[in-house]
Amino acid sequence: MLGQQLDLTTLENWLWEAACKIRGPVDAPKFKDYILPLIFLKRLSDVFEDEINYLAGEFGSVELATKLVEEAHQRGQSIVRFYLPPEARWNEIRKKTTGLGEYLTDAMRAVARENPKLHGVIDVVDFNATAAGQRIIDDPPLAELIQVLSKYRLGLNDVEPDILGRAYEYLLRKFAEGQGQSAGEFYTPREVAVLMARILEPEPGMTVYDPCCGSGGLLIKCHLRLLETHGEIQNGHRRLPTHVAPLKLYGQEINPTTFAMARMNAFIHEMEAEIAVGDTMRIPAFTHNDGSLMQFNLVTANPMWNQKFSTEVYEHDPYSRFMFGIPPSSSADWGWIQHMYASLTERGRMAVVLDTGAVSRGSGNQGSNRERDIRKAFIERDQVECVILLPENLFYNTPAPGIILVINKAKRHPGEILLINASKLFNKGRPKNYLAEEHVERIASIYQNWTAEEGLSAIITNEEAARNDYNLSPSRYVAQNGEEEVLPLEESLVQLQEAEEERAAADRELEEVLKALGLGGVFRG
């Protein structure tokens with residue numbers, strides 16, 4: 001099976017086979033703690049081997065290439081993207097049959113010593129750990145696990161860039177009990193991430209920020225897009241020439257496991273990245289000495305949809321992020337958008353994946369609505385550039401479609417908003433649909449060229465958006481096959497929650513008025 005590239009089905013079958021080797025001694029939700037570090041070590045080893053093989057083609061043999069790498073390392077130099085100590089190379093690990101747990105633990109620590117960026121990331125698991133005086137995983141099942149993980153190569157050309165995110169997503173989805181969240185809350189489908197990078201089109205030296213970066217997939221795609229547009233082949237891999245400044249990437253992630261994977265991904269791709277762990281909404285990691293938020297050229301993100309935060313998070317914010325309005329506690333979508341907006345430079349741009357309701361909830365309703373009022377403020381300040389409606393069933397945690405919202409502080413076409421209804425641009429897949437390369441290209445082309453195409457896109461003015469009560473749902477403006485816009489069940493529930501919240505607030509205000517008039521207790525709601 002060596003040399004066979006991993007597709008999603010093959011990857012999942014492979015991971016299940018690996019998990020089965022340690023099913024007995026390890027609780028299902030803990031599988032990832034043992035499997036993921038080994039997958040990362042296998043990936044490091046395969047990439048290192050690729051570099052050696054490329055040098056062997058230059059110098060005549062693997063032996064000579066290996067010798068040159070070792071000599072350069074001893075001089076404190078490097079002719080490969082990173083150095084892997086001999087005991088941590090996969091071929092050596094495969095040879096071990098006794099003392100394997102201790103050997104693996106020592107090998108991980110050796111990798112971290114040689115590569116300080118991986119300290120606290122790859123060396124946190126003790127494969128020799130005991131519980132009640134017994135090994136949690138004995139050497140025989142560990143050896144079987146190693147053999148299963150040896151079935152496929154994980155070099156840069158063998159798998160997609162965020163193989164770690166894919167693996168984690170599967171293990172989390174397969175064994176979700178006890179995890180407290182679904183895997184799809186952080187994993188963005190590959191082609192959606194590619195589309196976002198095509199929309200943002202990063203330029204050399206730009207700063208790019210993802211406030212909820214998961215395993216770093218969206219940052220990786222921006223990095224790879226710059227390599228596509230400005231890179232050249234060096235040592236068998238596409239790299240930036242010395243005169244082209246790399247992107248400076250920043251990410252924050254609340255989940256420690258996914259944070260570690262983002263750090264691993266940044267390392268393997270030689271990305272100039274600062275990844276922080278923590279709760280962005282409450283304590284953003286990237287601030288100046290005076291406490292103000294750092295600002296970036298580009299922001300790319302896929303926050304958890306309709307996340308619930310107490311309104312106190314917004315009302316007592318020390319960073320002045322929520323100047324457009326306080327979002328409802330039923331959905332943080334416009335809270336995330338305002339955080340990202342506050343994190344943009346004066347001419348910055350952002351692309352964010354959200355639930356479809358983020359661009360339509362509250363429009364057409366009587367009275368005030370927090371989300372509609374925040375949308376109105378963004379539109380009146382001419383900050384919304386584009387909304388792209390995606391097809392259904394792309395995302396792992398929901399069959400619902402999503403949207404990509406593009407906000408631009410320096411719009412190319414002031415006073416206009418581009419709406420793209422891409423709901424029919426997909427290939428049917430099992431279990432999930434997907435955007436093919438031609439679909440990504442077509443959507444990106446419409447955005448970059450700013451074109452209206454019948455049945456696919458429309459350009460409206462801010463005044464037209466206002467006449468539609470600030471509803472920016474593309475399906476409202478771009479009809480397909482005579483279909484009418486239908487409110488999904490999830491959206492109905494969020495709207496109901498928001499209406500209940502508004503009613504409760506109105507009741508409290510009325511009670512205060514009645515008390516002031518000496519009529520306290522008269523009103524009972």
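A: Two strands pair if DSSP finds at least two bridges between them. Helices (H or I, at least four residues) and strands (E, at least two) are DSSP runs, numbered from the N terminus. The model shown is predicted, so local features need pLDDT of at least 70, side-chain atom pairs count only at pLDDT 80 or more, and totals for chains, interfaces and linings use all residues. Residues are numbered from 1 along each chain as its sequence is written, and side-chain values use heavy atoms, with hydrogens and water left out.

Q: Which residue of β8 stands opposite Tyr 209?

A: Tyr 209 faces Val 299 in β8. Strand β3 (residues 207–210) and β8 run parallel and are joined by two bridges.

Q: How many bridges join β8 to strand β9?

A: Five bridges link β8 with β9 (residues 344–355), and these strands also run parallel. Within β9, Ala 351 stands opposite Thr 300.

Q: Is strand β8 mostly covered or uncovered?

A: Buried means under 20% relative accessible area, exposed over 50%, and partly exposed in between (1.4 Å probe, protein chains only). Strand β8 (residues 296–301) is mostly covered, with five of its six residues buried.

Q: Why does Gly 364 count as exposed?

A: Gly 364 counts as exposed because its relative accessibility is 59%. This glycine, Gly 364, belongs to the loop between β9 and α13 (370–380). The C-alpha atoms of Gly 364 and Asn 471 are separated by 8.2 Å, although the two residues are 107 residues apart along the chain.

Q: Where is Glu 114 found, and is Glu 114 partly exposed or buried?

A: Glu 114 is found in helix α5 (residues 100–114). Glu 114 is partly exposed, because its relative accessible area is 34%.
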